[in-house]
Amino acid sequence: MGPDIKPRPVAEDPHGAEFTTHYLDPKTTRAVFQLPCGLVRDGQVLRDAHIREMTGVEEELLAGKGPVADRLNRVMANCLVEISGLKGSLQLVMELPMIDRLFLLIAVRRVSLGDRYSMRAKCPHDGCGAEHDYAINLGTLALSEMADPLQREFVDVLPSGTPFRWHVMTGKDEAWVGAATKKLKGEGPLTIGLLCRLDELNGSPLEKDPVKMREAIATVGKLSFRDRNYLRNTFKKHEGDIDTDLEFTCQTCADDFKSELAVAAKDFFFPSEER
């Protein structure tokens, strides 16, 4: 285990603090970001992601038809110039851990449109329900990095005493989740989310072939609630995290509440106007 890394400060400021209108110096359309996890090559962790601004090509991809995940992958691949000398490509993007991919998507937006993101959030408390606009600084989202970025495979034991082996989730696993969800017509999404990382349970490999995966899904589905929560917490502990649960204070009733930053929402890349 590596050293504990404290998360960065929360990114929300409902009172409209001073934000950069653009992340970049006006003379450049590129920036370098440190990926939370990175890629492992020959015992080294490669984390310097060079990102360029989106063009009309990426805009058309975002506005196009077809699966959203596929279009976002293509946008990230196009805008990823390199990672520590490795030329950006779709294959490279699909190798990235899930947290890196979310980070990369936000980085593309920051390079293209700036740190400042305006979003509307609704107070969930009974008797209020007021909606207000809030200004978010994307550059300060709370980020927890991997404890040991060189380790991508793990062995552990569930509270029930069942040993398991798992790996850090990547873009390839996300693609498998999409295919499995489609194959099963939306059946068991939470179990599929666990299975995509699991390689072995109680000494037996878990079959993920689309034709044979139902047995593995049934096996993971029969795990106790305690075991399943242990899996989720273990994944999060070792994979790192970007906190997209933003904290707000309602401007009507003054109560605090949380709202999710929806990076796949249309206005994340296509803000209708500056609120």
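**Terms and ground rules**

I take contact to mean heavy atoms within 4.5 Å, and I take axes as lines fitted to C-alpha atoms, for helices over the stretch in contact, with angles running from 0 to 180 degrees between N-to-C directions. The model is a predicted one, in which local features need pLDDT of at least 70 and side-chain atom pairs count only at pLDDT 80 or more, while totals for chains, interfaces and linings use all residues. I number residues from 1 along each chain as its sequence is written, and side-chain values use heavy atoms, with hydrogens and water left out.

**Whole chain**

I looked up the secondary structure and found nine helices and 15 strands in the protein chain, both being DSSP runs numbered from the N terminus (helices H or I, at least four residues; strands E, at least two). Of the 275 residues in the protein chain, 42% are buried, where buried means under 20% relative accessible area, exposed over 50% and partly exposed in between (1.4 Å probe, protein chains only). Among the contacts in the protein chain with a separation of 6 or more, 64% are between residues 24 or more positions apart.

**Sheet β2 to β5**

I traced an open sheet of four strands in the order β2-β3-β4-β5, with antiparallel pairing; its edge strands, each pairing on one side only, are β2 (30-41) and β5 (86-87). Two strands count as paired if DSSP finds at least two bridges between them, and β4 (residues 80-83) is joined to β5 by two. I83 of that pairing has L86 in β5 as its bridge partner. Helix α2 (residues 68-79) lies across β3 (44-52) and β4, running at about 70° to β4.

Leaving aside neighbours within four places in sequence, I51 is in contact with residues including L104, A107, V108 and V111. Because 13 of its 16 residues are buried, α4 is largely enclosed by the rest of the structure. I noted that α4 reaches 23 Å from its first C-alpha to its last, close to the 22 Å expected at 1.5 Å a residue, the expected span being 1.5 Å times one less than the number of residues. G114, with a positive phi near 100°, follows α4.

**Sheet β9 to β12**

I found another open sheet of four strands, antiparallel, in the order β9-β10-β11-β12, with β9 and β12 (204-205) at the edges. Three bridges pair β10 with β11 (residues 198-201) in the antiparallel sense, and W166 has L198 in β11 as its bridge partner. Helix α8 (residues 225-239) lies across β9, β10 and β11, at about 40° to β10.

**Two buried polar residues**

E239 belongs to α8 and is buried, with a relative accessible area of 4%. Its side chain makes a polar contact with the side chain of R197 at 2.9 Å (N or O atoms within 3.5 Å; within protein, one must be able to donate a hydrogen and the other to accept it, and residues adjacent in sequence count only if both atoms are side-chain atoms). The E239 side chain also reaches the backbone nitrogen of M169 at 2.8 Å.

T162, in the loop between β9 (153-157) and β10 (163-167), is buried at 19% relative accessible area. I record a polar contact of 3.2 Å between the side chains of T162 and S160.
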